[in-house]
2 protein chains.
Amino acid sequence: MRNMNKKISLVVIRRLPRYYRYLGELLNQNIKRISSKELSEKMNVTASQIRQDLNCFGGFGQQGYGYNVEELYYEIGTILGLRNGYKTIIAGAGYLGHALANYAGFEKRGFKTIGIFDSDPAKIGGQAGGVTIYNVADMGDFLKENPADIGILAVPKMSTKAVVDEMVKGGIKGLLNFSYVDLDVPDDVVVENVHLSDSLMTLSYLVREKKKMSKDGGGL
Amino acid sequence: MRNMNKKISLVVIRRLPRYYRYLGELLNQNIKRISSKELSEKMNVTASQIRQDLNCFGGFGQQGYGYNVEELYYEIGTILGLRNGYKTIIAGAGYLGHALANYAGFEKRGFKTIGIFDSDPAKIGGQAGGVTIYNVADMGDFLKENPADIGILAVPKMSTKAVVDEMVKGGIKGLLNFSYVDLDVPDDVVVENVHLSDSLMTLSYLVREKKKMSKDGGGL
C-alpha cells in the first residue's frame, strides 16, 4: 500500500520531523498504536490534517484501529533519510559550532559529524564534541579522503561564500545554513536556512498579541 | 487604510520575519520601491501570495507603483513588536547560551539581553556577549528588580522545567525554547520552539530526493 512515487509537497515534508518526534515519544512510553484523534490532541493540529499528511505515504492508518506507532515512526524515519548514515562536517568552531558538535540530537538521528573546520590556529588540532577541529584550508583535501553529505555553516557571514564553494567542490550535497546570507549553489545542492532571529521575531509578535488580548479583556 | 484589527493567521505571521529580512536588504541597497513580481522573484514565492499576505495589513501596495519598501519594512517591524524594546534573559551559559548572547542579530532587531543564568560556579560572575552571567538560583530576585519579557531556554533538558517555572513566576511572557521538551505553561505565556534537528531532518530528506532525481535522469 505504500505510495512512494507520489510527489510529496514540501509543506508536508516540513511537518514530518515533528511527527517523527511525537511518535518517538510515544514509542518511549511503549504506546503501540494511536488514533489520528489522539495524535491530533497531543500535537495540537486537526485530525483531518494528520490523516491527510500521513495518507501521502499510504497504508498506515486503519479505520477503527488507528496508526501503528512503530511502523509509522520507522517509515517516516526512512522517508526523512535517517537510515542513510549521512556524514556531516561543521564549518566554524565558535560557540555555535561547538554547540552543534555537542548536540546529541544529530547523532541520535543518524547524522555523524566527521570533521570540524576553523581558521583559528588556537582551535585547530583541538576537539569539539569529540570530533577533531581541522584547518579550514585543508577542507578540500579532507573531503577527498572522507566524503561527506551535509555541511553545517556556523561561520561568520563574510567567510560563508568561500566555505560554501569549497564544500560544493568537495561533493557536499546539502547545506544547513546558520549564516544570515542567501547562498548561491548549483542545482544539485540543497540549502536549509536556520534563521535564529526569525523565531524570536515570531515570538515577539505573539507576546504583543497576548498582551493586547488580555488588555482587551481576553478572548479572541 | 491600515486594517490592524483583522485577526492575522499564524501562517502569515511566520512568514513576516522573512519579508522583514528581504525588505531590510532592499533598504540597504537603497531600493525605494518594489513590485510584488520583483519581490516574488527574489523571495521565491508567488506574487499572489505576497499580495495576499501583505494585504492583511492593508494599504501598502499600489497598482502600477508596487510597495514602498521603507514604509512596509517599518510597518512589519511594528507588527512584529520590534519597536517594543523587549528585554530578554538567557538561561544556560553553555556553548549555545554563549552563541545566542553573542548573536548580533537579536540586539539589531530590538531585543536586549539583560542577564544570563547558569548554575556552574566557574561561569557565574563571568560574561557572555558583554552580559553578566548570574547564578540561576537568583533568577527570581533578578526578575523582580529587572523585569524581562522574553526568556531564552538554552539549558539541558532535565533543568528546563524548574527554569521555566521560575521564569513564568518572574513575569516572563514569551519563551524561546531550544530544549527538546514540550513546555507546560499558563495561558498567558507563549512558547516558540526551535528544534535544530528538525531542520537537519528536512535537509536529509531533500538531499535524498535530489539524489534520487539525478539517478532517475533528472527533472521533476
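Helix α8 (residues 157-169) of chain A lies across β4 (87-91), β8 and β9 of chain A and runs at about 175 degrees to β8(A), where helices (H or I, at least four residues) and strands (E, at least two) are DSSP runs numbered from the N terminus. This is a predicted model, in which local features need pLDDT of at least 70 and side-chain atom pairs count only at pLDDT 80 or more, while totals for chains, interfaces and linings use all residues. Residues are numbered from 1 along each chain as its sequence is written, and chains are lettered from A and ligands numbered from 1 in the order in which they are written.

**The sheet of chain A**
- Chain A holds an open sheet of 7 strands in the order β6-β7-β5-β4-β8-β9-β10, with mixed pairing; two strands pair if DSSP finds at least two bridges between them.
- Its edge strands are β6 (127-128) and β10 (190-193) of chain A, each of which pairs on one side only.
- Within this sheet, strand β8 (residues 150-153) of chain A runs parallel to strand β9 (residues 174-177) of chain A and is joined to it by 4 bridges, with Ile152(A) standing opposite Leu176(A) in β9(A).

**The sheet of chain B**
- In chain B, an open sheet of 7 strands has the order β6-β7-β5-β4-β8-β9-β10, again with mixed pairing, and the edge strands, each pairing on one side only, are β6 (127-128) and β10 (190-193) of chain B.
- Strands β4 (residues 87-91) and β5 (residues 112-118) of chain B are parallel and are joined by 5 bridges; Ile90(B) stands opposite Ile116(B) in β5(B).

**Helices across the sheets**
- Helix α8 (residues 157-169) of chain B lies across β4, β8 and β9 of chain B, at about 175 degrees to β8(B); axes are lines fitted to C-alpha atoms, for helices over the stretch in contact, and angles run from 0 to 180 degrees between N-to-C directions.
- Helix α9 (residues 196-215) of chain B lies across β8, β9 and β10 of chain A, running at about 165 degrees to β10(A).
- Helix α9 (residues 196-215) of chain A lies across β8 (150-153), β9 (174-177) and β10 of chain B, at about 165 degrees to β10(B).

**Relation of the two copies**
- The same surface serves both copies, since 98% of the contact residues of chain A recur in chain B; residues are in contact if their C-beta atoms, placed from the backbone, lie within 7 Å.

Terms used
Contact = placed C-beta atoms within 7 Å.
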